[in-house]
Amino acid sequence: MNTTETPALTEAELKLLQTLVYQECGMYFDDRRTPFLQDRLQRRLKECRLDSFYSYYRLLTSRQGKQELSRLVENLTVNETSFFRNKAQLELFQQDVMDELLRRKEERHDYSLRIWSAGCSTGQEPYTIAMQVADAMAYYYLRRPLPAESPVPKPQVPPPWRLEILASDINYSVLRTAQEGSYGEHQMSSVDYGYRLRYFDKVGERYAVKKNVKELVHFDFHNLKTEYLPQRNDIIFCRNVMMYFDEAEQKRLVEKFYRCLNPQGYVFVGHAESLLGLTDKFQMVHRHNGTAYRRLEVEM
Ligand SMILES: C[S@@+](CC[C@H](N)C(=O)[O-])C[C@H]1O[C@@H](n2cnc3c(N)ncnc32)[C@H](O)[C@@H]1O
């Protein structure tokens, strides 16, 4: 075979590879998205210099094929994201959900906050959350001033509060970019000048997330298909991820989110996504044109 030619992908091979990808990461390729899958498979086959898709499947399912499997998955993910994506929903998060959470926790003298950005891509979502939580806390303490002996300058998160934002993805390459926290002008278009001034340093032509914001976010690899996911979260953001899963996988994921949340915790999903029809363990909250889902506490 000419090395520039790629062999034809048979129906049977496509089915095998489709199933393998689904089992590995939950991504489901319906008829509409099959051409995308075919294109990426062809690229990987060429890169691996194999002469049939069945040999590629054999490689992926072999012990030596683990690395190639994660490379294939990386090639199949859609990583589109932006700062302050879905502003209406973020308003609900910052103004209502954060306020309720801070009040509820303070009453119980529980000063830990844990937010998980599941499927964080290149980091714009978790950094947006960090900036918004810092602002929500500042606003909260504007109304109930901190004790006079508080440190100066005031930290982003005033003690005794502890904030952890966990940001995870299945794609190592986007996680590296996220960890760097440096963004070009075109990626900053949705960040207004107030936020740019307070939370970014201009380094040459780029904007670097300030150290004290970066310190609030911890990046890690997590595959949402697995059962071992971060526990005890107050809020989970999983936006524009579930839309690549089929209904059965979405239901499994929502069930896992229920278990990963603290009582009365919240889930935020993407604009085109919904928990309706997937579960009866969450209550929809709709305000400021934004939607969130609150964990219902089921009587045993
Ligand atoms: C379209 S981006 C969404 C980014 C961000 N949440 C937002 O809404 O702007 C979807 C992300 O989900 C990640 N993803 C897809 N399947 C995943 C899985 N099984 N486990 C973890 N992350 C996954 C992709 O790598 C990608 O970075």
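How do the residues of the lining of the largest pocket divide into nonpolar, polar and charged? I began my entries with this point and found 11 nonpolar, nine polar and five charged residues. I counted Ala, Val, Leu, Ile, Met, Phe, Trp, Tyr, Cys and Pro as nonpolar, Asp, Glu, Lys and Arg as charged, and the others, Gly among them, as polar.

**Basis.** The model is predicted, and local features need pLDDT of at least 70, side-chain atom pairs count only at pLDDT 80 or more, while totals for chains, interfaces and linings use all residues. Residues are numbered from 1 along each chain as its sequence is written, and side-chain values use heavy atoms, with hydrogens and water left out.

**Pocket.** I noted a volume of about 420 Å³ for the largest pocket. Of its 25 lining residues, Val78, Gly119, Asn240, Val241 and Tyr244 are the closest to the centre. A pocket here is an open set of points on a 1 Å grid over the protein atoms alone, where a 1.4 Å probe fits, with protein on both sides within 12 Å along at least five of seven lines; lining residues have an atom within 4 Å of a point. The volume is the space filled by probe spheres set on the points, which are joined across faces, edges and corners.

**Ligand.** I then located the ligand, which sits in the largest pocket (more than half of its atoms lie within 2 Å of the grid points). Of the 20 residues around the ligand, Thr81, Arg85, Gly119, Asp169 and Asn240 come nearest, a residue being near if one of its heavy atoms lies within 4 Å. This shell divides into six nonpolar, nine polar and five charged residues.

**Polar contacts.** I looked up pairs of N or O atoms within 3.5 Å. A polar backbone atom of glycine 119 is 2.8 Å from a ligand nitrogen, and a polar side-chain atom of glutamate 125 is 3.1 Å from a nitrogen atom of the ligand. The side chain of asparagine 240 places an N or O atom 2.8 Å from a ligand oxygen. Taken alone the ligand exposes 600 Å², of which the protein buries 99% (Shrake-Rupley method, 1.4 Å probe).

**Backbone.** I recorded a cis peptide bond from proline 159 to proline 160, with omega near 10°.

How values were computed: A polar contact is a pair of N or O atoms within 3.5 Å; within protein, one must be able to donate a hydrogen and the other to accept it, and residues adjacent in sequence count only if both atoms are side-chain atoms.
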